[in-house]
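The model is predicted.

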Amino acid sequence: MIKTIIWKNNTAVLIDQNALPIAEKYIACKSYKEVISAIKNLTVRGAPAIGVAAAMGAALGALRLPSLPPEEFRQKYFAICDEIAKARPTARNLFWALERMKKCFDRTKHSSQRDLVKELVNEARRICSEDIEINRQMGKYGSPLLADGDSILTHCNAGALATAGYGTALGVIRAAKEQGKKLHVYVDETRPVLQGARLTAWELKKEKISFTLITDNMAGFLMRQGKVDKIIVGADRIAANGDTANKIGTYSLAVLACAHRIPFYVAAPQSTIDVSLKTGATIPIEERKNEEVTHFKGVRNAPAGTKVYNPAFDVTPAQFITAIITEKGILTKPYRTSIAFTHKGEKLS
Ligand code: MRU
């Protein structure tokens, strides 16, 4: 099994996703600052994996603090969590995991600092192992949507590398394959960072799942040719009405899928759903540096001084989404109602 992120000897060990597919290298983060850098520079990426890394970062922060009076310890720990929260703005899982790490602190605050830190480490490890279980559940619910012989298009990487293991969108494909279904996957290369070409293709090759790599601008032509039966993608944040932020290019795929009457599925854990946002209009969209567009591996491919716009994500309106696959089951329209049902006890915006 691909090990994206593990806790070992009081360090967070991450597979270096910038080195893939050329090299399989691991990076051991000993401090929360190293975890922040790893999230920022995409060593670890994908919403659920970012959440797990953030939780481990919080645990590392607590672990490295000196012995302090309880209130000062809490203050410093919460400040560390808030600093980690600034690493990237879009993936809901980052904030969800840190909220959980803060709640764990407050639940355990009457223990000694030593026991409290131990519990924070355990909580981070639980967030990690639960993520794999959640993905397997999503696979169980989502796999019946895929038929034997289907060709499926996916975008970015929503696989084991984007999670603690198994994957969300790729997890559904994995589960269908485990049931003996023969599937073919079309992999969008996913400009500008190439998560599809570098990471999804690497995972599928490793898993011996048949795939074809295409550039993003070929997807419409494939759909027109009848080569795509279904589309399945992951998500970074889902608003209370089902609007979904995912890797830039997802929106275009969803509109094309609608025009060609191709089912368009989103697979995401409940922790990606942000019920505090009424619609996708207020999802913060990260803009990344110009060089991701003007350069490839340090080589310039646009004239110096070229103006660039580089949003890392877009928002797909809920109307274009056939269903949302979660660990609690398949959500269908109207999403406000199905999300309210699976988020009982939480106030929907
Ligand atoms: O910029 P990235 O690589 O972190 O973006 C990742 C995506 O957009 C994924 O599709 C999303 O996080 C879902 S991962 C299960």
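The structure holds 5 aromatic pairs. In one of them, the ring centres of F73 and F105 are 5.5 Å apart and the planes meet at 45 degrees, so this pair is tilted. Ring pairs join F73, Y77, F78 and F105 into a cluster.

**Aromatic pairs**

- F73 belongs to helix α3 (residues 70-84) and F105 to helix α4 (residues 92-108), so their pair ties together parts that lie 32 residues apart in sequence.
- Both members of this pair, F73 and F105, are buried.
- F105 also pairs with F78: the centres are 5.8 Å apart and the planes stand at 85 degrees, so the pair is edge-to-face.
- With F78 in helix α3 and F105 in helix α4, this second pair ties together parts 27 residues apart in sequence.
- F105 has a relative accessibility of 2% and counts as buried because the cut-off is under 20%.
- F78 has a relative accessible area of 15% and is likewise buried.
- A pair of aromatic rings is described by two values, the distance of the centres and the angle of the planes.

**Charges over rings**

- The ring of F78 has the charged end of R74 over it, at 4.1 Å from the ring centre.
- The ring of F341 has the charged end of K344 over it, at 3.7 Å from the ring centre.

**Helix α7**

- Helix α7 (residues 195-207) consists of 13 residues.
- From the first C-alpha to the last, α7 reaches 17 Å, close to the 18 Å expected at 1.5 Å a residue.
- At A201 the helix α7 bends by about 25 degrees.
- A201 is also one of the buried residues of α7, which include Q195, G196, R198, L199 and T200.
- W202, E203 and L204 are buried in α7 as well.
- Which elements do the buried residues of α7 pack against? They pack against the strands β2 (11-15), β4 (151-154), β5 (184-188), β6 (211-214) and β9 (244-247), and against helix α6 (169-178).
- Just after α7, K208 has a positive phi of about 60 degrees.

**Strand β9 and its partners**

- β9 runs antiparallel to strand β8 (residues 237-239), and 2 bridges join them.
- I238 has T244 in β9 as its bridge partner.
- The hairpin of β8 and β9 has 4 residues between the strands, and G242 in this hairpin takes a positive phi near 95 degrees.
- β9 also pairs with strand β14 (residues 313-316), in the antiparallel sense and over 4 bridges.
- In that pairing, F313 of β14 stands opposite K247.
- In a regular strand, side chains alternate between the two faces of the sheet.

**N241 in the loop**

- N241 is located in the loop between β8 and β9.
- Is N241 buried or partly exposed? N241 counts as partly exposed, at 21% relative accessibility.
- Leaving aside residues up to four places away in sequence, N241 touches K278, T279, G280, A318, Y335 and R336.
- T190 and N241 are 51 residues apart in sequence, and their C-alpha atoms are 26 Å apart in space.

Note on methods. Residues are numbered from 1 along each chain as its sequence is written. This is a predicted model: local features need pLDDT of at least 70, side-chain atom pairs count only at pLDDT 80 or more; totals for chains, interfaces and linings use all residues. Side-chain values use heavy atoms; hydrogens and water are left out. Rings of Phe, Tyr and Trp (its six-membered ring) pair if their centres lie within 6.5 Å; planes under 30 degrees apart count as stacked, over 60 as edge-to-face and the rest as tilted. Buried means under 20% relative accessible area, exposed over 50%, partly exposed in between (1.4 Å probe, protein chains only). A charge sits over a ring if NZ of Lys or CZ of Arg is within 6 Å of the ring centre and within 35 degrees of the ring normal. The expected span of a helix is 1.5 Å times one less than its number of residues. The bend at a residue is the angle between axes fitted to the seven residues ending there and the seven starting there. Contact means heavy atoms within 4.5 Å. Two strands pair if DSSP finds at least two bridges between them.
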